[in-house]
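The entries below record what I checked, in the order in which I checked it.

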Amino acid sequence: MSHKIFIPRDTTTLALGGERVVTAVLKEAQARKLDIEIVRNGSRGISWLEPLIEVETATGRVAYGPVEPHDIAALFDTGFLNGNASHRLSLGDPEEIPYLKKQQRLTFARAGVIDPVSIEDYKAHGGFKGLDKSLTLTGQDIVDEVKASGLRGRGGAAFPTGIKWQTVHDCSADQKYIVCNADEGDSGTFADRLVMEADPLMLIEGMIISGLAVGATQGYIYLRSEYPVAHQVMNEAIANAYASGYLGGDIQGSGKAFNLEVRLGAAAYICGEETSLLESLEGKRGLVRFKPPLPAIEGLFGKPTVVNNVLSLAAVPFIMDKGSKAYADCGMGRSRGTLPFQLAGNLKQGGLVELAFGPTLRELIDDFGGGTESGLPMRAIQVGGPLGAYLPESQWDTPLDYEAFSAIGAVLGHGGIVVFDESVDMTEQARFSMEFCVAESCGKCTPCRIGSTRGVEVIDKIRSGNNVEANLALLDDLCETMIDGSLCAMGSMTPIPVKSAFQYFSEDIALANASSSVQAEAK
């Protein structure tokens, strides 16, 4: 009798020794003359429990984690292949782990469950149903369904996806493109990577449907080069999709075509901005373009182009399969559906949590984060990547909703959440934000290129106690200039974390001044 064991092949698991666990399992099974089959699935996003091993039993899967190579012999001894729960790492039914059970997984329902590159496994778990339905509809029907779902871009700007598709649909052109922005460069974010490593066929399906909707026959996934595992898994999934007739010149005998390939970026954060991305995709330096024209009208190679984030496109198969109402019934206000929140920073239980919009930031952290890893009280939470605000405790009861966050001068962005404990120096964090802009600005516009450099200098003067009040006023003026004068979000949003750090954590200025004085005396 063969025993089926699931061990993830995603980046997080590999970084935590997943490959050594596989080797140990194979070695132990061989020594005991046991017949096993190892399925390299993707992660369920429970990073703090990886490597998470799951065993298929007669009554369902049983999970064990986090597993290290030296645990393997004992797991075999206690009969883990039959789901024995006596081992200390036994977690029981993975679906019943509270971290998973409390979520509302629409996009990540298959993550960690299936073999990510298997067409048969994908179809057995509901895959391609949205595409099958879409092949029977007109492009306008698909666009209308996406508009009715209320789906908004998950890349940061939160622009309605259906409106963007409508613009491309209405353009007349001999060629249109679908471009997936997979240049996931925000600190603390990894949801795009998890999609590509755990359920890449869902992204492929979403891009094909997008192509059918707007009349595009060519798609590109612009993938950050720092994701070699995602690159490998995506290419395997694309090859299998071609082999099974889901990509190519005649999708499932429908006479409709869609081709897809992955292009690697060159490690530049600014290429996550859509026009910079398009420049890079055309083989040029990743500089921001002036708008208008919008990429939906003149995008890649001057043709109408849909540029959507991974999570936006990955949400489409569910919408087309279950219907726009099923998606729109989740969420609150104008924020419909779910958002995969990524918990990172100083937390015991980092990982991915998919929930409908609406719970507060405090509820999310309390229910899933498990407290700080350091054991110290939390002090600040940054939401939305390096261009998001640092939120003090007084703002943690804000609902996770685009409009509610905008009302307090913050952004939800891509759903990345980074937690800091009370040992953090917020003036240092403000300096980091400006310094990040110095390093990553494309340099095309002066407010971003020069403003961020001057910003670091001014913050250094404030931290060293040099004419603090005057330099705070100067920093405020500088931030306003960057907000009003920058070409893209890189320059116009960098002031958000800087201003929030000084507004809500101003007591750190005195601490930085004192530290600077001590260092000066020591010299």
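Predicted model: local features only at pLDDT ≥ 70, side-chain atom pairs only at ≥ 80, totals over all residues.

Entry on the helices. I looked up how helix α8 (residues 161-170) lies against helix α10 (residues 200-214), and found that they pack at an angle of about 50 degrees, with their axes 8 Å apart. The two helices, α8 and α10, are therefore oblique to each other. For the contact itself I noted W165, V168 and H169 on the α8 side, which meet S210, A213 and V214 in α10.

I then traced an open sheet of five strands, whose order is β13-β12-β16-β14-β15 and whose pairing is mixed. Its edge strands are β13 (351-356) and β15 (390-391), each of which pairs on one side only. Within the sheet I followed strand β14 (residues 378-383), which runs antiparallel to strand β16 (residues 416-421) and is joined to it by five bridges; M378 has D421 in β16 as its bridge partner.

Entry on the cysteines. How many disulfides does a search of the whole structure find? I recorded zero. For C180, the closest cysteine sulfur is that of C271, and at 15 Å it is too far for a bond. C442 is likewise in no disulfide, the nearest cysteine sulfur being that of C488, 6.2 Å away. As for accessibility, C180 counts as buried at 0% relative accessibility, and C442 counts as buried at 9%.

Notes
Residues numbered from 1 in each chain as written. Heavy atoms only, no water. Axes fitted to C-alpha atoms, helices over the stretch in contact; angles between N-to-C directions. Helix = DSSP H or I, 4+ residues; strand = E, 2+ residues; numbered from the N terminus. Parallel < 35°, antiparallel > 145°, perpendicular 65-115°, else oblique. Contact = heavy atoms within 4.5 Å. Pairing = 2+ DSSP bridges. Disulfide = S-S within 2.5 Å. Buried < 20%, exposed > 50% of the residue type's maximum accessible area, 1.4 Å probe, protein only.
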